2 protein chains.
Amino acid sequence: MELRHLRYFVTVAELLSFTRAATRLRVAQPALSRQIRDLEDELGAPLLVRNSRGVRLSEAGAVFLPEAKAVLQRAAEAAQAVRAVVRGERGEIHVGYAPTPTVELLPCTLHAFQNLAPGVRVTLHDLSTEELLRGLHDGRLDLCLMVRPEPKALRGLRFELLREYPMCVALSPAHPLAKLKRVVVEQLVREPLVAYTRSDYPEYHAMLVDLFRSTGQNYRVVAEQDSASALLASVESGRGVAVVPACMSILAGGRVRLRPLHPAPDALAVGTICRVQKLSAAAQKFLQAAREVAKEPALPT
Amino acid sequence: MELRHLRYFVTVAELLSFTRAATRLRVAQPALSRQIRDLEDELGAPLLVRNSRGVRLSEAGAVFLPEAKAVLQRAAEAAQAVRAVVRGERGEIHVGYAPTPTVELLPCTLHAFQNLAPGVRVTLHDLSTEELLRGLHDGRLDLCLMVRPEPKALRGLRFELLREYPMCVALSPAHPLAKLKRVVVEQLVREPLVAYTRSDYPEYHAMLVDLFRSTGQNYRVVAEQDSASALLASVESGRGVAVVPACMSILAGGRVRLRPLHPAPDALAVGTICRVQKLSAAAQKFLQAAREVAKEPALPT
DNA sequence: GCGTTGCGATAACTTTCAGGTATGATTGCG
DNA sequence: CGCAATCATACCTGAAAGTTATCGCAACGC
């Protein structure tokens, strides 16, 4: 039994005529008669009662007609489900992200994507930079929201900038520098610093070296922390101050003050990365949602 | 898209291997690859991701797999529904009947058939003898429960005797003859008779002529009624007595007495009739139910 | 490092069967 | 009765499903 048999039978049963059904199906009448007979042979019962004035449904045919329609309906739905995936209206995407830099963008993007493609499930993967890039390369991830990586790590991938967060100084509210509108590097270099763990965040320490080079003085790291929350807790406690991107204000709440740094080092570039090739429609919609979110004004510094 | 494509895809998706799926499907592997590719082309998306170590489902494939299984399942159910009709486990039969002669057998047979074939709907048709036979011939009726017709009316039909009801005399309880164990024809011929309408029931009147021939006397019909209930009402009122089959006792209740007639005329033969050819399995089961009912002891006279 | 193995894809061919044309059989109708 | 309409039959054609043989690729083992 094939869907063709069902399509043919349903048409004959609805028009109650082989001739008219053949016309509608764009086949010759004998071909249609043959297919119907094959179907009847396979099912072991005549579905149609032929008389010289057309046909009528047999007992078995009357039972089979709604069943056959249901099968065809179900088959059409199955095809539609795949086409919905192709159009990015259904399915699943795996999105990798770096938690702290995307603390502002990720929730808004997820929300926008939910409106754009309500049928697509988003699975989030909180991973390190290397794991994010590896996941993109081997196909486990469809796209990532993260800090702009080194250009040489971007083989076959495309980065799209969404937002830049200027680097700021995080201070406990009681700290004298917190009264200033902005902090100058020469003031900062004398302060005890809290930093990210050197082994986990080498690029953060490279940034610090760059930042303080102009002062000609050595800076002093009094504590290293392996997470944003720990860094902020250290700063809040008065242990020291930290250089952090402006987006950190969302995590900091009111417990820590952020002040612009002068001269400003390179801002933190956050955006999407995905493969240049073979991007699913759903993933493209996610990119679109992210772009729309980025158009909105940034959070006040 | 044909069911073949779905069968092939489901097998590959479950074995995650073209080679093993081809073996199971009893086709060569290239033929299978080709069919899957045709399906993918039609749906507009790859369903399987091929790598040199077997295959895995793509996004679209993961969505399509349960859909395809559902279609195949539904198709199998459709075929099973027809086979259930063939086996007489499902469907509908049209049963014609003569109400009064089958007053005992029909309810019991319906009950037995309900147990034998619960999935079959029985549609009853209360028709005259001629209409019953015509309905059988042109296929509107599958079988009938009725009085044995003339042999010449049985072209292409088969009668099967279920039960014989001896002819009795119906008397009002107050009637003098009601005190007797049985009524002799010579006694009966002097009584005023209530009969069925001559035009509607010629065979009934033929029976009366036969019955009284031996007495050499004329019988006297004082009223004609066109239904069993009217006949019984007339008898109950004392208008006259009637010759009726023993099964009439069920309709009569206690309002009328039935007494055997001596010498007994031919009993009323009640049974099934159906076409010799093309009897559906459900109709055969109905016949079987009727036979089982007939095996039970008859009602006491 | 290099053959070996196991996988799916490709190529060339064969076979099957859906579909086409022509025609026959039946029946209802003017 | 002839005509028109309907489905069945017979026979042919061609698309496509299937077959065998082979390729290319990647993982594995020695």
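Where chain A and chain B of this predicted model meet, the contact takes 29 residues from each of the two chains. On the side of chain B that touches chain A, helix H1 (3-15), helix H4 (59-86) and strand E3 each supply at least two residues. The largest share of that side comes from H4(B), with 18 residues.

From here, let us turn to the DNA. Around DNA strand C there are 19 residues, and the closest are Ala28(A), Ser52(A), Thr19(B), Pro30(B) and Ser33(B). The elements that give two or more residues to this surface are H3 of chain A, along with helix H2 (18-25), H3 and strand E2 (54-57) of chain B. H3(A) gives the most to the surface near DNA strand C, with five residues.

Next comes DNA strand D, which has 18 residues around it; Pro30(A), Ser33(A), Ala28(B), Ala31(B) and Ser52(B) come nearest. Here the elements with two or more residues at the surface are helix H2 (18-25), helix H3 (29-43) and strand E2 (54-57) of chain A, together with helix H3 (29-43) of chain B. The largest share near DNA strand D, four residues, comes from H3(B).

Now step along chain A as a whole. Its domain assignment gives domain 1 (3-86), domain 2 (91-164 + 269-295) and domain 3 (167-266). Between the C-alpha centres of domain 1 and domain 2 of chain A there are 48 Å.

Strands of a sheet pair through backbone hydrogen bonds, in either a parallel or an antiparallel way. One open sheet of chain B has five strands in the order E4-E3-E5-E13-E6, with mixed pairing. Strand E4 (120-126) and strand E6 (157-165) of chain B stand at its edges with a single partner strand each, so one side of each has no neighbour in the sheet. From one strand to the next, the twist averages 20°. Within this sheet, strand E3 (residues 91-97) and strand E5 (residues 143-147) of chain B pair in the parallel sense over three bridges. One bridge partner to look for is Cys144(B) in E5(B), which belongs with Gly96(B). Helix H6 (residues 129-137) of chain B packs on the sheet and touches E3, E4, E5, E6 and strand E13 (268-275) of chain B; the direction of H6 makes about 155° with that of E5(B).

A second open sheet in chain B has four strands in the order E8-E12-E7-E11, and its pairing is mixed as well. Strand E8 (183-184) and strand E11 (242-245) of chain B are the edge strands, each pairing on one side only. E8(B) joins strand E12 (residues 257-262) of chain B in the parallel sense over two bridges, and Val184(B) stands opposite His262(B) in E12(B).

Finally, some backbone details. A cis peptide bond joins His262(A) and Pro263(A), with omega about -5°, and Pro263(A) sits in the loop between strand E12 (257-262) and strand E13 (268-275) of chain A. In chain B, the peptide bond from His262(B) to Pro263(B) is cis, with omega near -5°. Leu16(A) has a positive phi near 50° although it is not a glycine; this residue lies in the loop between helix H1 (3-15) and H2 of chain A.

Conventions. Residues are numbered from 1 along each chain as its sequence is written. Chains are lettered from A and ligands numbered from 1 in the order in which they are written. This is a predicted model: local features need pLDDT of at least 70, side-chain atom pairs count only at pLDDT 80 or more; totals for chains, interfaces and linings use all residues. Two strands pair if DSSP finds at least two bridges between them. Axes are lines fitted to C-alpha atoms, for helices over the stretch in contact, and angles run from 0 to 180 degrees between N-to-C directions. Two residues are in contact if their C-beta atoms, placed from the backbone, lie within 7 Å. A residue is near a molecule or strand if its C-beta atom, placed from the backbone, lies within 6 Å of it. Domain bounds come from an automatic or database domain assignment.
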